[in-house]
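Below is a short briefing on one protein model. Please look over the sequence and structure before reading the notes.

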Amino acid sequence: MKNIITTSIALIILVSLGGCKKFLEEELKTELAPSNTYTSTYGFEVGSAGFYALTRSEYNTYGEGGAYIHNGAAPYEALQAATDIADAINSDASLMAFANLTLLPTERFVSTYWNWAYSLIASANLMLVYSEKNTNWDSPTDKVRFQAEARFFRAYAYRTLVYLYGDVPYVETILYDFKLNFTRTPKAEVIGHMVDDLKFAVDNLPINPDQVKDGKLTKWAASHLLSEIYLLQGDYVAAEQAALAVINSGRYGLMKTRFGVNKDKAGDVFNDLFLENNQNRLGTAANRESIWVLQFQFNVIGGGTNSDDWTRRAWIPNYSSITGFALADTLGGRGVAQLVPMKWWTGTNGTNADGNVTGIFGATDIRNSNYNIKRSWYYNNPSETALFGKKANITEQTWFSTKTLFPAITKFFYGRAENLSLTGSYKDRMKFRLAETYLLLAEAYLGQNNPQKAADAVNEVRRRANATDVGAAQMDMDFLLDERIRELVGEESRRFTLVRTKKYVDRVKAHNPAIQNKVTENHALWPIPQSIRDANRDAPFPQNPGYD
């Protein structure tokens, strides 16, 4: 599997997207070369596993387990910094250029996402080419099923590229001739190809989610993503139809009653969604809200590593550096507070921080309960007898200076008693879930100037959270963006959402004081990696506006 990924990587960076025919024709009989592997259904299953591995590495950091690309703080954090939800105060140096809007084309993560996306695209194109050559299938439907997977992942990779860079080269096959003259394909054209890929995936991926392994794609995952891409395209009627296809399929439902590993313990159903072992549809949890789940499970082949998903470290305060605290799995394990949630949406209630900020949650909304946003912290180190069991207050200093205590999003809590200093999270991650499908539907209705139907869609999500219904008069894009925070904070790539809804600058100006006077429309895109432009010496490859 790693060799298949390596073969794909050889084609990814713009200077090498063209490939070399001699390289591709080598007969590596003892290796997982494409010409050896893509000769049977089993071989295509191996290649398919590579797609999922590459997708998981989107959240990777220091390169463990073959996820080669990051070697710094998790780049996921760069998609939350410089938005309306989190500060990156005195954080990892690799994040600060993103947070401060001082980004240069030479910044590491600028190339990281470019390389990651094109590696996935190259792998998808490789499978598509060899699927046309292979005649040895176990089932007559195998060919289109693997092609559907490949086209889904190709669209998924281009999704990242167009959100971050705008116009990017569109490559849909293996290029045998070495190229140094790529051009930037207009974003609208790339999105059109993504729609075509996802429509093919909808038509050819498995229909019944109960008959696929945990983490494997179905047509409903493709429909969910297709709804989002139609929104990006501005086709709101089609986005509505794609979202409703999932909602009305009868295959999924919002989880409204307690379930899973702690259903008989204190908590609430929203918290249940994020407890370890509760993410997948199959098994004892039977989570019918999950549409696509990335598999990071601890100590399982094909699961996670210490480097795979650092999201919890990003959002959890550095509490263990306070005298009186010890690392604990119940407190989320080891946090380093790369991202600090902003007061305007969390509010200051239950803290001793400055101001009297109400936040965006209603009084009855369970998504604001202490099970889901932890505001009550108690000293837990029994060796500190004078402090043990007493409450530690969240103050202005602990929140924004030392980053040791603040309202913490518990959906990313993860720890293991046998190794509390674990860096990664081995908890499976819901990539698509039905609550977001309803919010995509609401966005489609707003695009059609139908706030009442948008409110109806949002209220499906709010009722599960025991929040009061919203009416048409309240329903606009800002309310919907607030609702996405209440429901999806940390799960979504916030930058993507703000760019898609064309609210990036407005929301940053309204809610991010650190950069509100600096942000411009140019900051909605990242720069093209300088290494790519330097390599493309035989054709102009213009930089995005605002970057040298």
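Why does the distance between the end C-alpha atoms of helix 7 (residues 142-165) agree with its 24 residues? At 1.5 Å a residue they should span 34 Å, and the end C-alpha atoms are 34 Å apart. The expected span is 1.5 Å times one less than the number of residues. This is a predicted model, in which local features need pLDDT of at least 70 and side-chain atom pairs count only at pLDDT 80 or more, while totals for chains, interfaces and linings use all residues. Residues are numbered from 1 along each chain as its sequence is written, and side-chain values use heavy atoms, leaving out hydrogens and water.

**Confidence**
- The protein chain has an average pLDDT (the predictor's confidence in each residue, from 0 to 100) of 90, and 91% of the residues score at least 70.
- Mean pLDDT among the elements is lowest in helix 2 (residues 21-25), at 33, and highest in helix 15 (residues 434-447), at 99.
- Residues 1-30 have pLDDT below 50, yet this stretch makes 74 contacts (heavy atoms within 4.5 Å) beyond near neighbours in sequence.

**Helix 7**
- Helices are DSSP runs of H or I, at least four residues, numbered from the N terminus.
- Gly166 follows helix 7 and has a positive phi, near 80°.

**Nonpolar cores**
- A nonpolar core is a set of buried Ala, Val, Leu, Ile, Met, Phe, Trp, Tyr and Cys residues joined through side-chain atoms within 4.5 Å.
- The largest core has 131 residues, and Trp292, Trp315 and Trp526 are among those touching the most other members.
- Helix 6 (residues 108-133) gives this core its largest share, 15 residues.
- Another core, of 20 residues, lies apart from it and includes Phe325 and Trp377.

Notes: Buried means under 20% relative accessible area, exposed over 50%, partly exposed in between (1.4 Å probe, protein chains only). Helices (H or I, at least four residues) and strands (E, at least two) are DSSP runs, numbered from the N terminus.
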